[in-house]
Amino acid sequence: MDTTSINVSPPAATPTAAEVTRFRQLSKHQWRSGIAAWLGWTFDGLDMHLYTLVAAPFVAQLLGGLATTDPQVGHYSSIIQGAFLLGWALGGGFFGRIGDRLGRARALSLTVLTYAAFTGLSFFAHAWWHLLIFRFLAALGIGGEWAVGASLLSETWPRKWRPWIAAVLQSGVNIGILVAVLTNHILAKAPPRYLFLVGVVPALLVFWIRRAVPEPAEWRAAKEDAHQSEPRLSDLFRGDVKPITIWVVLVCGVSLTAHWAFMFWHGQHLRNLPEVLPWSAEQKNYLVNTAMCLVIGSSIAGNFFSGWIARRIGYRVTIASVFFIYFLAMLGAYYVPRDHQALLCWFPLIGFCQGAFALFTMYLPPLFPTLLRTTGAGFSYNIGRTVAAVGTVFFGLFSKVGDHRAALFYAGFLFLPAAAISLFLPRVKD
């Protein structure tokens with residue numbers, strides 16, 4: 001399979017993406033595409049993690065005011081998170097297809113509008129299944145935005161910059177999560193549902209994207225060349241594309257299951273530690289916010305470190321190595337019971353290892369032909385969320401009442417096969 005991009009030469013006075021070596025050489029359209037993708041990912045992170053911050057108290061409220069340690073709270077909150085991850089997976093394939101058919105900028109607008117609208121509507125949930133539906137629909141847009149934003153930048157910005165672009169994009173998600181944490185801190189005394197109202201803000205970005213962001217020249221050229229013979233979704237499982245699709249689905253499915261088990265359950269585990277249970281709701285919120293800040297703050301550093309390593313030893317070995325360290329960090333944090341202070345010491349290392357996921361951003365889209373790019377990257381990466389959706393609920397079954405350490409401990413072992421599978425991914429050099 002020819003995975004090289006189609007080169008469309010711009011006017012002679014403007015350097016091509018391959019020739020650009022400095023920021024001042026970037027065109028106005030490249031800057032707009034970069035800003036649109038970064039903001040889309042930032043708001044992605046915001047809307048993505050609003051629920052994880054208030055899952056236990058909000059679901060307890062929706063179930064009639066149960067205690068957060070009640071087994072029903074953990075059960076239903078994990079089902080809602082599972083529905084969210086399932087929607088994320090389906091949205092990656094659905095909006096990825098729209099991105100290949102109608103264009104990257106148009107699809108980006110639709111994804112942002114989708115996740116902003118349904119995150120805001122979560123405010124009106126009055127039963128646990130209401131929240132499940134709203135989170136599922138919001139996830140369609142969040143999953144689609146990943147593939148569309150990544151493809152937009154991979155087709156417009158210099159190829160040699162891809163590891164750094166990946167780090168910057170992923171850091172946008174991290175910053176969005178930190179904004180969610182800050183909002184949760186500000187609204188600590190308000191009912192949990194009010195946190196979801198901030199998720200409407202990204203809808204304002206849509207108006208600017210539709211006016212200012214053009215479709216990539218590479219996509220337009222491929223569209224013109226294809227005429228009526230555009231590739232179909234089934235082409236992901238044919239010819240040279242098939243093994244790429246299979247390996248990417250496998251590594252994403254395994255690694256994301258472990259990753260999301262941590263991202264969802266670590267906050268619930270902290271809230272229900274014996275020494276934390278007597279605390280007030282506001283104090284528990286502060287602890288969970290602190291933990292998330294440690295994880296996300298260190299993951300920003302991990303994004304750039306992973307990009308720096310990938311420039312030297314390649315994507316595959318870097319991803320495999322970081323996943324192995326992620327396993328060791330999870331093992332160290334959860335193989336014995338620890339109090340909240342000890343766990344806070346392990347979270348920076350766990351967050352640092354999340355930099356491996358930043359590399360997928362620029363590594364995966366170019367593996368697929370141009371008119372299958374957002375479809376392939378969106379489907380292959382986000383289908384892993386389907387497995388993660390089941391995994392989040394499955395690992396929750398290991399939890400005792402108020403103790404999710406076993407779920408987190410066993411989930412960490414999935415990073416071992418994820419590291420091994422990573423070595424079978426295609427070798428790519430930008």
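**Helix packing and a pocket**

In this predicted model, helix α8 (residues 241–271) packs against helix α15 (residues 405–412) at an angle of about 160 degrees, and their axes lie 9 Å apart. Angles over 145 degrees count as roughly antiparallel, so that is how α8 and α15 run relative to each other. Their crossing is left-handed. On the α8 side, the contact is made by Ala 258, Ala 261, Phe 262, Trp 265, His 266 and His 269. Arg 405, Leu 408 and Ala 411 answer from α15. By class, this contact has six nonpolar, two polar and one charged residues.

Now turn to α9 (281–313). It packs with helix α12 (residues 355–363) at an angle of about 60 degrees, with axes 7 Å apart. The two helices α9 and α12 are therefore oblique to each other. Here the crossing is right-handed. From α9 come Gly 302, Asn 303, Ser 306, Gly 307 and Ala 310. They meet Gly 355, Ala 356, Ala 358 and Leu 359 of α12. The contact of α9 with α12 has four nonpolar and five polar residues, and no charged ones.

Helix α9 also takes part in a pocket lining. The second largest pocket draws at least two lining residues from α9 and at least two from α1 (28–62). Its volume is about 360 Å³. The lining of this pocket has 20 residues, and Pro 57, Thr 68, Pro 192, Arg 271 and Ala 281 lie nearest its centre. The lining divides into 12 nonpolar, five polar and three charged residues.

Key
Residues are numbered from 1 along each chain as its sequence is written. This is a predicted model: local features need pLDDT of at least 70, side-chain atom pairs count only at pLDDT 80 or more; totals for chains, interfaces and linings use all residues. Side-chain values use heavy atoms; hydrogens and water are left out. Axes are lines fitted to C-alpha atoms, for helices over the stretch in contact, and angles run from 0 to 180 degrees between N-to-C directions. Helices (H or I, at least four residues) and strands (E, at least two) are DSSP runs, numbered from the N terminus. Angles under 35 degrees count as roughly parallel, over 145 as roughly antiparallel, 65 to 115 as roughly perpendicular and the rest as oblique. A crossing is left-handed if the near helix is turned anticlockwise from the far one by less than a right angle, and right-handed if clockwise. Contact means heavy atoms within 4.5 Å. Ala, Val, Leu, Ile, Met, Phe, Trp, Tyr, Cys and Pro count as nonpolar, Asp, Glu, Lys and Arg as charged, and the others, Gly among them, as polar. On a 1 Å grid over the protein atoms alone, a cavity is a set of points where a 1.4 Å probe fits but cannot get out, and a pocket is an open set with protein on both sides within 12 Å along at least five of seven lines; lining residues have an atom within 4 Å of a point. Grid points are joined across faces, edges and corners, and a volume is the space filled by probe spheres set on the points.
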